[in-house]
Amino acid sequence: MNSNIFLFSAASVEEDGKDCLRVAIQPNMSCQGWPATAGSKALEKYIALEDATVVRLLRLVGARIAGTTHMSELGFGLVGDTGNRAITENHADGALITDNMGEARVAAARSGIPGFKPSYGIVSRRGLIGLIPSMECWGILARKISEIKSIITAICVMDDQDFSMTCDRLPDFDDKQFLKEPSGVIGVEEGYEKSLTTSEKAAWQTAVSAMKKAGFQIVNIKMMDTALFASVHNVIGAVEASSSAGKYDGVRYGHRASNAGNWNEMYLKSRGESFGTLIKSYFFQGAYFQFENYAAFENACRIRGRLLDETMQAFTHVDWMASLTIRENHDAFKVSTISDMYESFSFTAPASVTGLPALQLPGIALSGNTDFGLQITGPPLSDPGLLSLGVSLEKKQKGGPAK
Amino acid sequence: MKYEAVIGLEIHVELNTPTKLFCDCPNRPGDAPNVNICPVCLWLPGALPQLSHEVLEKAVIACLGLSCTVQPESAFDQKVYYYPDLPKGFQLSQHHKPLARNGYLDIFSGSQKPRRLGIHHIHLEEDVAKLLHETEGRTPISLVDFNRAGAPLIEIVTEPDMRSPEEAMEFLKVLRTQIRYTGASECSLEKGSMRVDANISIRPEGTCVLNTKVEVKNMNSIQHVGDAIAYEIKRQAGCLEKNEPVVLHTRLWDHEKQVTSPMRAKFSGPCVPDPAVARIVIDDAWLVEKKAQLPEMPIQKVERFIASYGLKRDEALVMSQERELSDFFEKSVQNYHQPRKAANWITAHLIPALKDQEKSINEVPLIPERFHALLCMQDQDEINANAAREVLLRMLTEDKKPEEIVEERGFRQLSDTGELETVVDRILTDNSSGIQDYKSGNMKVLGFFIGKAMKATRGKANPKILKELFARKLA
């Protein structure tokens with residue numbers, strides 16, 4: 001076990017887990033008897049009571065849960081997260097990272113490996129210690145897309161205990177129609193290049209050439225409101241996070257302040273001592289919108305609907321949408337303010353707001369030695385086709401996938 | 001200046017389903033503290049709420065019983081507030097999309113003309129934990145009982161249609177009866193399965209303005225609700241007379257002191273839609289099925305009782321108040337020519353006796369056939385009214401026919417003229433002065449003689465025959 005990477009690891013994996021798929025999870029996923037701290041002092045020493053549905057499903061197909069990696073506080077962003085390193089340092093074949101605003105895709109891009117965010121509501125969240133319920137889902141990182149596919153195939157199963165799984169039929173990852181060589185039209189937001197730095201632009205042009213070479217037609221799509229994605233995510237995310245984290249009071253589990261004079265003081269002190277600066281500022285934002293500016297939250301919900309409509313409209317013209325995954329000069333692992341956080345996730349947050357599936361592909365959007373990651377987003381429930389597209393692009397890249 | 005009150009009620013009704021709203025923990029008030037709990041209702045990390053289908057059914061039937069339009073789609077919100085009775089920091093409630101809207105109840109408050117009072121909407125929500133504050137020891141402590149956390153509630157929000165404490169009380173009585181009929185809840189303010197908050201404002205009589213309201217809580221009976229509203233109307237009128245503004249806040253009713261006192265600023269927390277909870281989508285076919293399950297409701301039953309059995313409105317109201325009792329009444333009067341007599345016996349004797357024993361009609365051995373037989377025995381002078389009352393009381397505890405009890409106890413009325421004549425003669429002999437009084441025009445003496453005769457026969461004598469005998473002998 002490498003404690004730089006793992007918070008807690010299953011002993012058996014070291015000995016006899018070599019031949020099966022080893023999956024690292026985060027300590028915000030319940031694994032019976034394991035610490036489930038969600039990266040926060042607010043859940044200090046909290047032990048999961050039962051297995052999350054995803055854990056049970058992974059074990060059902062013979063996968064081993066390698067352990068829980070370090071994670072950002074409550075899964076907000078990537079500061080302190082080691083899920084990607086579990087793979088690149090070969091302690092696991094796949095890793096699950098909660099994707100609230102693009103964490104899985106950005107972590108994968110930073111390590112030059114593929115990362116996948118499935119459609120919202122196709123993987124059970126029972127057993128997830130959640131933060132932003134209207135967006136969060138399990139993102140998957142692996143060395144190859146085929147491994148991502150094995151994992152998503154195992155965990156994309158209807159769970160009647162999770163009511164956010166509302167689609168009538170889950171995507172079938174073995175459906176033959178998705179296995180054939182994908183082609184089609186990839187849309188790019190008009191003026192996208194203008195928003196990029198010189199290096200980002202170079203990487204993007206490389207990616208566009210690669211997509212064209214692979215047989216895709218690239219068209220520009222006019223989008224009116226994409227600048228609003230980050231604000232909408234910020235307002236709704238902060239409100240939901242603040243609400244979700246209301247239960248961390250230090251009374252039944254987690255850190256409890258020792259020197260409080262009464263109940264109210266105990267709450268205030270325990271919560272004050274439990275949370276880090278970043279998540280605390282996010283909660284303050286959420287509380288502000290909840291109690292002082294509820295109209296802003298309602299507006300954000302309304303605009304979210306408009307953004308979804310606009311995106312769906314775009315998908316009537318194109319099969320996929322593409323962008324880079326990460327930004328230059330904005331390292332999600334090192335952010336210290338909320339605005340910095342949203343800068344570093346500005347390409348990935350839209351798919352979290354709309355709930356669409358998105359795939360990060362390494363080795364395509366290159367500028368010199370820097371891999372900015374190519375992100376392909378698909379329409380709702382197009383997950384199998386999106387993975388097939390990824391496999392085909394992966395194959396066509398010289399030298400194949402990284403690492 | 002003359003003022004009129006504008007009153008709206010917010011009524012929480014605890015549904016009597018076997019399980020809680022979002023988990024399968026028993027919903028059983030009265031159990032030992034913190035036994036009916038699980039990760040969901042303790043809201044431990046990782047747990048997901050699962051909406052109970054049975055709760056939804058009962059809630060929908062209750063909404064239909066209050067003539068509401070059940071919405072095709074409703075959804076839950078997180079109502080955010082921080083208090084030790086709600087350790088997850090929000091209550092799951094339906095703020096934006098309630099289960100039902102636009103209901104009403106008709107009340108007859110002292111008049112023959114019904115007044116229709118509107119229900120704005122009804123929503124589902126989970127109850128919070130119960131806090132117990134122990135203040136008697138040297139160190140006051142607070143305890144939390146999670147048995148109630150997650151219990152299913154419907155909140156009925158009325159239109160501000162009520163104008164007096166009496167109307168509010170009448171509304172609550174009708175509402176309680178309607179919901180009890182649906183079988184969704186007992187609606188007992190005393191036992192806490194119904195809780196009422198009243199919103200009260202006043203305005204110059206005849207105007208239509210809506211002034212700042214005050215919310216009053218903590219009323220433990222319908223009478224308390226009336227008292228609290230009456231007090232609050234007076235208090236607010238006093239404020240206006242003194243030119244003090246009425247401010248929006250919440251007050252608590254103190255039954256002992258008969259006053260309301262300020263508690264806190266009126267709370268209105270934000271409500272955030274919760275995607276983790278099932279959205280409720282109701283299709284027409286299912287709704288038709290539920291409507292068919294709705295029994296004949298008391299409002300219709302009252303009219304039918306008036307029309308079919310010739311009851312007066314107040315009699316019909318009492319007879320239809322409780323579903324079980326109204327069934328009892330209807331079965332009792334099948335093939336019985338005096339339904340009003342049956343109704344009056346139920347009102348005057350049966351209901352008070354049941355109340356004394358704290359039992360419902362279904363919990364006693366008395367069945368309608370036996371009650372019917374008892375009434376007939378009295379009609380045919382086999383027993384007198386006193387004996388009939390006695391037999392009725394015995395039938396509440398003894399599983400016997402009235403004839404059996406009458407025989408056992410020797411209640412059968414003495415109607416044998418010969419036997420009674422002996423008694424009458426003896427009384428007249430012993431009270432010769434009374435005869436003189438009677439003959440000199442004091443008719444009251446007759447009652448005195450009959451009383452003597454009743455005593456002598458231990459209440460068994462037929463008073464009609466006694467009266468005839470005395471009248472004849474004194475003539």
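Helices (H or I, at least four residues) and strands (E, at least two) are DSSP runs, numbered from the N terminus. The structure is a predicted model, in which local features need pLDDT of at least 70 and side-chain atom pairs count only at pLDDT 80 or more, while totals for chains, interfaces and linings use all residues. Residues are numbered from 1 along each chain as its sequence is written, chains are lettered from A and ligands numbered from 1 in the order in which they are written, and side-chain values use heavy atoms, with hydrogens and water left out.

Two residues of chain A were examined for their backbone angles. A:Ala38 is found in the loop between strand 2 (22-25) and helix 2 (53-60) of chain A. Although A:Ala38 is not a glycine, its phi is positive, at about 50°. A:Ala38 is buried, with a relative accessibility of 0%; buried means under 20% relative accessible area, exposed over 50%, and partly exposed in between (1.4 Å probe, protein chains only). A:Asn329, in the loop between strand 9 (320-324) and helix 11 (338-344) of chain A, is likewise not a glycine and has a positive phi of about 70°. A:Asn329 is exposed, at 66% relative accessible area.

The interface of the two chains was considered next. Contact (heavy atoms within 4.5 Å) involves 30 residues of chain B and 35 residues of chain A. The size of an interface is often given as the accessible area lost when the parts come together. Chain B and chain A bury about 2,600 Å² between them, 65% of it on carbon and sulfur atoms; this buried area is the accessible area (1.4 Å probe) that two parts lose on being put together, summed over both. Helix 1 (39-42), strand 4 (77-80), strand 9 and strand 15 (271-273) of chain B are the elements that give two or more residues to the side of chain B that touches chain A. Strand 15 gives the most, with 3 residues.

In chain A, the side chains of A:Glu50 and A:Arg126 meet in a salt bridge with an N to O distance of 3.3 Å. A:Glu50 lies in the loop between strand 2 and helix 2 and A:Arg126 in the loop between strand 5 (115-117) and strand 6 (137-142), so the pair ties together parts that are 76 residues apart in sequence. A:Glu50 is partly exposed at 39% relative accessibility, and A:Arg126 is buried at 15%.

In chain B, B:Glu73 takes part in a salt bridge with B:Lys97 (3.1 Å, N to O). B:Lys97 is in the loop between strand 5 (90-93) and strand 6 (100-107) and B:Glu73 in strand 3 (residues 73-74), 24 residues apart. B:Lys97 is partly exposed at 38% relative accessibility, and B:Glu73 is partly exposed at 31%. The side chain of B:Glu73 also meets that of B:Arg279 in a salt bridge (3.2 Å, N to O). This pair links parts 206 residues apart, with B:Arg279 in the loop between strand 15 and strand 16 (280-281) of chain B. Salt bridges that share partners also join B:Glu390, B:Arg394, B:Glu398, B:Lys400 and B:Glu408 into one network.

Conventions: A salt bridge is a side-chain nitrogen of Lys or Arg within 4 Å of a carboxyl oxygen of Asp or Glu.
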